[in-house]
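Trainee: I have a model open and would like to talk it through with you. Could we take it step by step?

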Amino acid sequence: MKTKITLAILIVLFVVSFVYFIRINQNSYTANEDSSGNIAGQIQESTTSSGTNNNTQTQNSNNKISLSELSKHNSREDCWVAYDGKVYDITSYLPRHPSSAGKILPYCGSADAFAQAFTKQHGTSKVSMLLKVGTFIGDFDVIGNLENSTANPAYADAQDAEDEIGEEDD
Amino acid sequence: MPMRKTRRTRLERKTIKMEKYAKPLLRIAMSLIFLYFGFQQVSSPDAWAGFVPEFLTSAIITANNIVIFNGILELSLGLFMLLGLYTRFASLILALHLFGIAFSIGLNPLGVRDFGLSFATLVVFLNGPDEYTLDFKLAKKNKKAD
């Protein structure tokens, strides 16, 4: 009986120290990345002033993501989506999506299409989950996208259509 | 009426010989599943934080902390089950834990999978310690000592 209890305590101690080691290692790795500035888009780790936000979302308030930049991240290995004017990296969540990654994959690198599909499927019930599982990358540059819409055929068509509707109304 | 002797095929005979591996195989396979998911949770808790129900979180206990604690629990009990230490206790806790997760996920492919896995863990609990577990070896050693 004593042997079993000793073994059990040893196992628990081993697991706790193992987890502690992993967490410490990951934190120092993140800190090294930040100091060397190797993260794409100079993403900075942020926490709330109270320090209670352990959801290690990364953000840069000055980081504006254009549609062309967003649309580059459209694969299973690199999936960004825009929702409510913010861009999130949901790559790590893809394999964990309850009804397979394939449901989200077509919307990787998209803004409106993702938001529409997300709202249609979940309404607003899973918005908090999206904020938790997605890594915040930056603000979606809606104005910049409209100004540079000629560079993007999809947006150019949409704007033309809007203009035509506007003219008909006049 | 005399009993008719059934003739077993070669495959059946071989399978019967391997029956003794059924219990340890199930135990080890299930424990590896828990170890894998436990490791995933402690190594990248952010990815799992979304699954934590909101009523469990507060200002002090964040979703990430719950995920890490859950990971430690799964790693510890997974190791217990792998080594066969307190096999019944570990498998029962893990089975109930997985039942809870399956019910909270609901009726979708992920929930059904977890439901099946929780039943498999329950089978480990019902089987108890097999001959390749520490429970069995230690009990044998104690008997010899007596």
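Mentor: Gladly! Let's start with a term: a contact means heavy atoms within 4.5 Å. Keep in mind too that this is a predicted model.

Trainee: With that in hand, what share of the contacts in chain B with a separation of 6 or more comes from residues 24 or more positions apart?

Mentor: Chain B has seven helices and zero strands, and along the sequence it reads α-α-α-α-α-α-α. Among its contacts with a separation of 6 or more, the share from residues 24 or more positions apart is 63%.

Trainee: Which helix of chain B has the highest confidence?

Mentor: The chain B average is a pLDDT of 87, and 97% of the residues score at least 70. The lowest mean, 78, belongs to helix H3 (residues 46–49) of chain B. The highest, at 93, belongs to helix H2 (residues 22–43) of chain B.

Trainee: Is Thr121(B) buried or exposed?

Mentor: Thr121(B) sits in helix H6 (residues 109–127) of chain B. Setting aside neighbours within four places in sequence, its contacts include Met30(B), Phe34(B), Met81(B) and Leu98(B). The cut-off for buried is under 20% relative accessible area. Because Thr121(B) has 0% relative accessibility, the class is buried.

Trainee: And His97(B), which residues does it touch, not counting those up to four places away in sequence?

Mentor: His97(B) belongs to helix H5 (residues 87–105) of chain B. It is buried, at a relative accessible area of 19%. Leaving out residues up to four places away, the residues touched by His97(B) are Asn70(B) and Glu74(B).

Trainee: Let's turn to the interface. How much area is buried between chain B and chain A?

Mentor: The contact involves 34 residues from chain B and 28 residues from chain A. On the chain B side, Asp46(B), Ala47(B) and Tyr86(B) supply 18% of the area that chain B buries against chain A, more than any other three residues. Carbon and sulfur atoms give 66% of the area buried between the two chains, and that area is about 2,600 Å².

Trainee: How far apart in sequence are the parts tied together by Asp139(A) and Lys86(A)?

Mentor: The side chains of Asp139(A) and Lys86(A) meet in a salt bridge at 3.2 Å, N to O. Asp139(A) is in strand S6 (residues 135–140) of chain A and Lys86(A) in strand S5 (residues 86–89) of chain A, so the parts tied together are apart in sequence by 53 residues.

Trainee: Last one: how many salt bridges does a search of the whole structure find over all chains?

Mentor: One of them is formed by Arg113(B) and Asp114(B), with the closest N and O atoms 3.3 Å apart. In that pair, Arg113(B) is partly exposed at 40%, whereas Asp114(B) is buried at 7%. Over all chains, the number of salt bridges found is five.

Note on methods. Residues are numbered from 1 along each chain as its sequence is written. Chains are lettered from A and ligands numbered from 1 in the order in which they are written. This is a predicted model: local features need pLDDT of at least 70, side-chain atom pairs count only at pLDDT 80 or more; totals for chains, interfaces and linings use all residues. Side-chain values use heavy atoms; hydrogens and water are left out. pLDDT is the predictor's confidence in each residue, from 0 to 100. Helices (H or I, at least four residues) and strands (E, at least two) are DSSP runs, numbered from the N terminus. Buried area is the accessible area (1.4 Å probe) that two parts lose on being put together, summed over both. Buried means under 20% relative accessible area, exposed over 50%, partly exposed in between (1.4 Å probe, protein chains only). A salt bridge is a side-chain nitrogen of Lys or Arg within 4 Å of a carboxyl oxygen of Asp or Glu.
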